[in-house]
Amino acid sequence: QVQLVESGGGLVQTGGSLRLSCAASKGTLSAYNVAWFRQAPGREREFVIAITWGGGTTDYADSVKGRFTISRDNNRNTVYLQMNSLKPEDTAVYYCAARGAGSNWNRYTYKGQGTQVTVSS
C-alpha cells in the first residue's frame with residue numbers, strides 16, 4: 001500500500017512559478033509510473049502530465065506544454081511538478097496518482113488528497 005501526499009501549492013501571481021511535490025509517506029514510488037491531474041471548480045478532473053518509473057515523461061496536456069515539467073527523485077521517494085508561467089486557468093486542486101498508465105484517473109491505484117494552486121490575475 002502506498003500513501004501519497006502532495007505539497008507545495010499556494011497562491012501565486014500570473015507568470016509566477018510553483019513546484020509541487022508528491023511524496024510517498026508509506027511505501028515506495030520508485031517502481032511506478034506517476035501522473036499529475038487537476039480539477040478546477042465546476043470542471044472535471046483532467047490529466048496534466050506523467051512520468052514513467054524510469055524517469056521519462058510519457059505525456060502531457062497541450063495546455064501545459066512548454067510550461068510544466070515533471071521529474072522524480074527515487075532516493076527521496078518523491079515526484080515533482082514544476083509549473084512555470086502560470087496562468088489563472090491553471091487554478092485547480094492538483095492531485096498525484098501512482099501505479100497506472102495514461103491519462104485516465106481511474107486507471108491509477110494510488111491517489112493523493114490534492115493541493116490547491118491558485119493563480120491570481
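What follows is a set of questions on labels and the values behind them.

Reply: This is a predicted model, in which local features need pLDDT of at least 70 and side-chain atom pairs count only at pLDDT 80 or more, while totals for chains, interfaces and linings use all residues. Residues are numbered from 1 along each chain as its sequence is written, and side-chain values use heavy atoms, with hydrogens and water left out.

Me: Why is Asn77 called buried?

Reply: Buried means under 20% relative accessible area, exposed over 50%, and partly exposed in between (1.4 Å probe, protein chains only). Asn77 has a relative accessible area of 15%, so the label is buried.

Me: What makes Ser85 buried, exposed or partly exposed?

Reply: The relative accessible area of Ser85 is 41%, which lies between 20% and 50%, so Ser85 is partly exposed.

Me: Where are Asn77 and Ser85, and what is the phi of Asn77 and of Ser85?

Reply: Strands are DSSP runs of E, at least two residues long, numbered from the N terminus. Asn77 sits in the loop between strand 7 (68-73) and strand 8 (78-83), and Ser85 in the loop between strand 8 and strand 9 (92-98). Phi is near 60° for Asn77 and about 50° for Ser85.

Me: What makes the pair Asn77 and Thr28 a polar contact?

Reply: A polar contact is a pair of N or O atoms within 3.5 Å; within protein, one must be able to donate a hydrogen and the other to accept it, and residues adjacent in sequence count only if both atoms are side-chain atoms. The side chains of Asn77 and Thr28 make such a pair at 3.3 Å, so the distance passes the cut-off.

Me: How do you know that Cys22 and Cys96 form a disulfide?

Reply: The term needs two cysteine sulfur atoms within 2.5 Å. For Cys22 and Cys96 the S to S distance is 2.1 Å, so the pair qualifies. The structure holds 1 disulfide.

Me: Why is this disulfide called right-handed, and what does the pair tie together?

Reply: The torsion about the S-S bond of Cys22 and Cys96 is about 70°, so the disulfide is right-handed. Cys22 belongs to strand 3 and Cys96 to strand 9, so the pair ties together parts that are 74 residues apart in sequence. Cys22 and Cys96 are buried.

Methods. Helices (H or I, at least four residues) and strands (E, at least two) are DSSP runs, numbered from the N terminus.
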